[in-house]
Amino acid sequence: MDSEILQYTPFTSFVNPSFWHKLAENKINVDRLSDSAKTICGFYSNVDAINCLVEVDCTAFNESFVPPKNCFYTHGRVFNKNTIESFKEVDKNKLLQEEGNRIAKLIETGKCLEDPSHLVNFVVLSYADLKKYKFYYWFAFPAPQEAILHTSKPPVKIPDVFSVEQIEVLREKYLSIESAKKRSFFILEDIGHGFKIHALADVISGSDKENNFKGTDLSKIYFGFSDPSEYLNPGWQLRIFVAFISFFCPNLCGNAVNFLAMKLKRNMSIEESTVYFAKMPEKSINLSEDVKWIGWEPNSAGKYLPRFVSMADSMDPEKLAETSVNLNLKLMRWRIVPDLNLDIIAETKCLLLGAGTLGCSVARNLLSWGVTWVTFVDYGNVSYSNPVRQNLFKHEDAQYSRPKAATAAQRLLEIYPSLVTKGLSLHIPMPGHPIGDSTRDQTIKDIETLEKLIQEHDVIYLLTDSRESRWLPTVLGNFHGKIIMNAALGFDSYLVMRHGTRRSSPSEISWTKYERKGLKCIPGDRLGCYFCNDVTAPGNVSIARIYYLVFLEMFD
């Protein structure tokens, strides 16, 4: 029989959807604008192997990766680009050559001797469109082009080489290798009355390459590997294994060598395993020179083009909303405000006193800044004039005179389902508004409820439609040391101010850090409140409204 080139079965990538979820999460929270290489891991199996698969899932990013049972390590690197343009512009041949040279260093330094799993590597070049949840990617499995074997005899199944008793002994010896890393590549020695399995580092010397297998009866030696190929041709990792053997064992070059591809069935039988009789390359492959590396995976159509997957339909809509809401904020933080702590903003509990024009607008703005906890307090119902100015209400709400607070909370949930929100119809007692005997008990309950709400929240927004309704929340907020934001709208004016908390005494404040040239800067703790800066005491402004309406009637 004339010798033929032994064909290798290329690896086929299988990407679990959880891999893309984790990649997107890491891009947003860890990698950000960095598109440098990140180390990941994958795995393959030789148990009922199908299509020579290499699989990656969300565990690929774990610092301490452990493959599933009866699976083996593959070591990878992912290059996730920031734009589709940079993804397309990558010189793929150059990238593969650089990764191949890196693998060559692992072989030359003896890293692969100690840990043979480093012989199986892959590269992922990708671009993640995080707004549309579309992923473009390309896998490569680097291997040297020169690692070519010529068959000296046709490959055979192990029942044609070993007896039933020998096969059982071989199965037990193989399964007794505890480390999946050392079981991926090993050396089997036929010692006549049985078998002996060696780790690569136990037989092959990294410092004395010229004497490796010198004078050895090669007919008794089998270079074994766990083969994920279901076909008669061996898996792709044999190619890099040949380069490894050629580098460390120059005495084997040009000689016939036995290779044992271990394949298991679900019951752990090994009868499907295959023995290959092949002639090694004539010359040792010098990995330190310019060896050409190959291994880009074609797409499903057999063309050397990237693959594409859309994950939009498979992701949880609420999780999808959370990620999308935070994306623009994180992009802004990376570019403009690197010190912005979005976690603190998200955890801040906001109490909005008033669910009218101001309350609706402030609530929508809080959502856009990543706030996830909003509570409304308002005593009124939606009227026909409200929906055109208050963007959380519809005409239907006015028709049924729905309570403002509860309706505003429901609208926010429709906008952002992950939000924690509620609305309470609560009357806020006000100076200048008399309290009768019939309302006394309810007023006390309202005050207690208001104080409890203020204690439970971090920031209080005063967004009511009168001056006096802001007085009691101002007093309670100051007493409990809460941040109070006050906003008011007039016909031709507006006011926005923050109240001081008085949490620190003057002696505890570092006044120097507030010094600004030409300005008098006051620490936040020492700011005055709305009423401290007013020249009149709070009163019943609704009387003025009545006078204004009477005045209009007189001239109608």
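A crossing of two helices is called left-handed if the near helix is turned anticlockwise from the far one by less than a right angle, and right-handed if the turn is clockwise. With that in mind, the crossing of α14 and α15 is right-handed.

Before I go on, a word on what we are looking at. This is a predicted model, in which local features need pLDDT of at least 70 and side-chain atom pairs count only at pLDDT 80 or more, while totals for chains, interfaces and linings use all residues. Residues are numbered from 1 along each chain as its sequence is written, and side-chain values use heavy atoms, with hydrogens and water left out.

Let me stay with that pair of helices, where helices (H or I, at least four residues) and strands (E, at least two) are DSSP runs numbered from the N terminus. The axes of α14, residues 437-456, and α15, residues 471-479, come within 10 Å and cross at roughly 50°; an axis here is a line fitted to C-alpha atoms, for helices over the stretch in contact, and the angle, from 0 to 180 degrees, is taken between N-to-C directions. The two helices are therefore oblique to each other, since angles under 35 degrees count as roughly parallel, over 145 as roughly antiparallel, 65 to 115 as roughly perpendicular and the rest as oblique. On the α14 side, the contact (heavy atoms within 4.5 Å) is made by Ile 447, Leu 450, Glu 451 and Ile 454, and on the α15 side by Leu 472, Pro 473, Leu 476 and Gly 477. Sorted by class, these are 6 nonpolar, 1 polar and 1 charged residues, where Ala, Val, Leu, Ile, Met, Phe, Trp, Tyr, Cys and Pro count as nonpolar, Asp, Glu, Lys and Arg as charged, and the others, Gly among them, as polar.

Now take a second pair, α1 (residues 17-31) and α9 (residues 317-335), which pack at an angle of about 30° with their axes 10 Å apart. Here α1 passes α9 in a left-handed crossing. Lys 27, Ile 28 and Asn 29 of α1 meet Thr 323, Leu 327, Lys 330 and Trp 334 of α9, and the residues of this contact divide into 3 nonpolar, 2 polar and 2 charged.

Next, the interior. A nonpolar core is a set of buried Ala, Val, Leu, Ile, Met, Phe, Trp, Tyr and Cys residues joined through side-chain atoms within 4.5 Å, and buried means under 20% relative accessible area, with exposed over 50% and partly exposed in between (1.4 Å probe, protein chains only). The largest such core has 98 residues, and those with the most contacts inside it are Phe 223, Phe 244 and Phe 259. Helix α8, residues 237-248, gives the most to this core, with 9 residues. A second, separate core of 30 residues includes Leu 340, Leu 367, Val 371 and Val 382.

Is Ser 184 buried or exposed? At 1% relative accessibility, Ser 184 counts as buried; it is found in helix α6, residues 180-184, and its contacts beyond four places in sequence include Tyr 44, Phe 72 and Pro 116. Lys 394, in the loop between β16 (373-377) and α12 (395-399), is partly exposed, with a relative accessible area of 45%, and touches Pro 387 and Arg 411, leaving out residues up to four places away in sequence. Gly 423, in strand β17 (residues 420-424), is partly exposed at 27%.
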